[in-house]
Amino acid sequence: MHDIRLIRENPTGFDAGLTARGLAPLSAELLALDDARKGAILALQTAQESRNALSQEIGSAKKARDEVRAKSLMDEVARLKGYVPELEDSEREASKALADRLAEIPNLPGPDVPHGPDETGNVEYRTWGTPRTIADAKQHFELGEAWKGGGGSLMDFEAAAKLSGSRFVVLRGQLARMERALGQFMIDLHTTEHGYTEVSPPLMVRDDSVYGTGQLPKSRDDMFRTQDHWLIPTAEVPLTNLVRETILSEDELPLRFAALTPCFRAEAGAAGRDTRGMLRQHQFTKCELVSIVAPERSAEEHERMLGCAEAVMRKLDLPYRVMTLCTGDMGFAATKTWDIEVWVPGQGTYREISSCSVCGDFQARRMNARYRPKEAKGPRFVHTLNGSGTAVGRALIAVLENYQEADGTVTVPAVLRPYMGGLERIGG
RNA sequence: GGAGAGGUGGCAGAGCGGUUGAAUGCACCGCACUCGAAAUGCGGCAUGCCUGCAAGGGCAUCGGGGGUUCGAAUCCCCCCCUCUCCGCCA
């Protein structure tokens, strides 16, 4: 959510930010809405002021037993009140019009974000590791579907389709275990070595929460809905909303939360994309990181968070590159985003496995999440950051494809073996 | 799901429908006393918005939303949440 006062102070800067995102300038429209709102407020408050004053006089008149005067005052107020409801309505409408419009405008890109129309404009930030040369590299589903056990393939899309339709998968046996091992490994790493507090949050949340992080109102169609809850599209939602409507003290910051949860996405706009395999699913597991920090610390926290996510890749010894997302490819709430893309030999390309974003005070405004600075007059908005550390389903893909052997088996990465009872190889 | 109790400022906790944005206590911040501290005394201390160059003025907010009334923290309705008991149940 943007601060209309900042837009008023610097409308051209605001419009420039929107343009960078590929959007039309909006400051003129927003300021007009704000003017209308202010006018409505002024009219309403003026009427309320006289109403209140008269009402008070009625009180003293009654106290003085001056019924005649009280009666005449009451008549006067009655006349005045005739048009107060209209003024209330127009104030409400004017305020809502502005708020609704603001609610669907994305965050502005930070100053150091490269400009570009879409993912082709992303800029490599750094790379790590060297992609292995694997002759006739297979894709993860070719490997997984070939392995049998427990009444079907260890990676079974047919069974999943029977149960739930497309974009679901059933994992069996060693693959199910490896998925669990990956998740355990990640959450343990972040909580024991990176200072994150493990959180087990609700997976179903209310409108307010999903509005707070910015999925509502624009991305309704990307989420699944139960009777009166949303299934979380990412644990960013519950973790970040933990501080909604709160005023933290400065020495509570930074707050760092990590959660290993399923995520649910409708993938409404992705029909036909990545339909093969388990790259893009309606349900997947992800280890999410969220930081709540003081504004002046958010840039360094962003670097730190990226490093925490990278540590997962390094310990798994998976080659990756970090991309700085350009203005046209960033998510709604982000002011700057780094994606980690892992090398996927079966496809011979890099695929996103993590996304680390700073949101500035954009989400904090929506959530009304503040802190009280030590040397301060009033509370200020916190800054929020979120990052995947990392997507477990995609990590499984990466492990399978990077660790595949010529005989169709897969070596278990050393860091996962303790989580898999010492198992060194699967699929054999 | 059923019955009951309740949601007031950072916390605790008052509040006959009339000048209550809200007593009181604690916490916090100034000042005084003190060599210093404690104790004590005095003063200050909610948020958002509108308006104004400013000083200031105004509006709203006592879980949220409606309503009654000239006037609502106080009365009525709906919703949310918490607690207790019952039922059901991992």
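In this predicted model, RNA strand B is surrounded by 19 residues, the closest being Q48, N52, I58, G59 and V77; a residue is near the strand if its C-beta atom, placed from the backbone, lies within 6 Å of it. Two or more residues of this surface are given by each of α3 (27–63) and α4 (67–81), and α3 provides the largest share, 14 residues. Helices (H or I, at least four residues) and strands (E, at least two) are DSSP runs, numbered from the N terminus. The surface near RNA strand B divides by residue class as follows.

| Class | Residues near RNA strand B |
|---|---|
| Nonpolar (Ala, Val, Leu, Ile, Met, Phe, Trp, Tyr, Cys, Pro) | 6 residues |
| Polar (the others, Gly among them) | 8 residues |

An automatic or database assignment divides chain A into domain 1 (4–103) and domain 2 (119–426). The C-alpha centres of domain 1 and domain 2 are 44 Å apart.

Strands pair if DSSP finds at least two bridges between them; β13 (residues 370–372) and β14 run antiparallel and are joined by 2 bridges. R370 has F381 of β14 as its bridge partner.

The average pLDDT (the predictor's confidence in each residue, from 0 to 100) of chain A is 92, and 99% of the residues score at least 70. The model has an ipTM of 0.83 and a pTM of 0.93.

Residues are numbered from 1 along each chain as its sequence is written, while chains are lettered from A and ligands numbered from 1 in the order in which they are written. Local features need pLDDT of at least 70 and side-chain atom pairs count only at pLDDT 80 or more, whereas totals for chains, interfaces and linings use all residues.
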